[in-house]
Amino acid sequence: MDADKLSDLLRKDAVHMVHLPRGDHALLRRLATHYVKMLRERARIISRLRALFAEVGVTVRTHRKTPERVPLARLSAPGARFVAEACLRQLTLATELMLEARSRLIDQAATSGAFALLQTVPYVGEVRAAEILAVVGEPRRFRSLRTFWAYAGLGVVQVVSAEHKVENGRIVRGKKQRGVRLSRTGHPLLKKVMRDVALFASLGRGEFRAVYDGHIDRGKSPSIARIALARKMAAVIFAVWRGNCPYQKSQV
């Protein structure tokens, strides 16, 4: 059945092209995936450690940079301290692997000329620039900004079952726009990077914060204003990268 369907699609010339990374791009994407997995594994260990303290009724509030600083002396339940020490050893190893993965990712991304170019955009640091490079590879494979938005999970779609109604015996189209939402497609890592960049830009200062405040002043909710800011920053990143010129304030 699969072979018949594939042959029918080939006959109709309806097979869509799929981008497959090769060479340095494939290596960079593999390193980015490994770095994300190490981050998640470290987060799981921290969650298990905090859950252990919660089981014995001890509230743990550690700093994000030092999650290993936990009060082991307050663990009085049998075996709890042994398990906590095992989790701490896991956390130490996971932290080392995460830092090693981060260093390798940045070193590989630095071989690309666009690595320093992307960092000229505010709130795009080394790791985010490396992740964008790993996911996108080459911006010219996107026909337009809209296709780049869609790949980043920022495309807008409209799905409605009916947008007409009957008034005085006539069928008229409703004035209120309904069914507009973000597309559920897109690359998960690129989507996360764009949303994180927009989040920090909305909390910081500068021209991008002014864009966010402008949407708020026009009556938009914070979530909608942040999505609009993410689309704006994605457009700036796409223009800087494709035009091969550093970021300038006039692009906002």
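## Salt bridges along the helices

Arg-81 is partly exposed, with a relative accessible area of 40% (partly exposed lies between buried, under 20% relative accessible area, and exposed, over 50%, using a 1.4 Å probe and protein chains only). This is a predicted model, in which local features need pLDDT of at least 70 and side-chain atom pairs count only at pLDDT 80 or more, while totals for chains, interfaces and linings use all residues. Residues are numbered from 1 along each chain as its sequence is written, and side-chain values use heavy atoms, with hydrogens and water left out.

The side chain of Arg-81 meets that of Glu-85 in a salt bridge at 3.6 Å, N to O (a side-chain nitrogen of Lys or Arg within 4 Å of a carboxyl oxygen of Asp or Glu). Both residues sit in helix α3 (residues 80–109), four residues apart, or about one turn of the helix (helices are DSSP runs of H or I with at least four residues, numbered from the N terminus). Glu-85 counts as partly exposed too, at 32% relative accessibility.

Helix α8 (residues 207–217) holds Arg-209 and Asp-213, again four residues apart, about one turn of the helix. Their side chains form a salt bridge of 3.1 Å, N to O. Arg-209 is partly exposed at 28% relative accessibility, and Asp-213 is partly exposed at 29%.

In helix α2 (residues 24–55), Glu-41 and Arg-44 are separated by about one helical turn because they are three residues apart. A salt bridge joins their side chains at 3.3 Å, N to O. Glu-41 has a relative accessible area of 31%, and Arg-44 has one of 45%. Across the whole structure, the search finds six salt bridges.

## The start of the chain

Let's turn to helix α1. Spanning residues 2–12, α1 is hardly covered: the count of buried residues among its 11 residues is zero. Asp-8, Arg-11 and Lys-12 are linked in a network of salt bridges. Just after α1, Asp-13 takes a positive phi of about 55°.

## Aromatic rings and their neighbours

The count comes to four aromatic pairs (rings of Phe, Tyr and Trp, the last by its six-membered ring, with centres within 6.5 Å; planes under 30 degrees apart are stacked, over 60 edge-to-face, and the rest tilted). One of them is the edge-to-face pair of Phe-142 and Phe-148, with 5.4 Å centre to centre and 80° between the planes. Both Phe-142 and Phe-148 are buried. Together with Tyr-151 and Phe-238, they form one aromatic cluster.

Arg-141 lies over the face of Tyr-151, at 5.0 Å from the ring centre (for a charge over a ring, NZ of Lys or CZ of Arg is within 6 Å of the ring centre and within 35 degrees of the ring normal). Arg-231 lies over the face of Trp-149, at 3.8 Å from the ring centre.

Terms used
Helix = DSSP H or I, 4+ residues; strand = E, 2+ residues; numbered from the N terminus.
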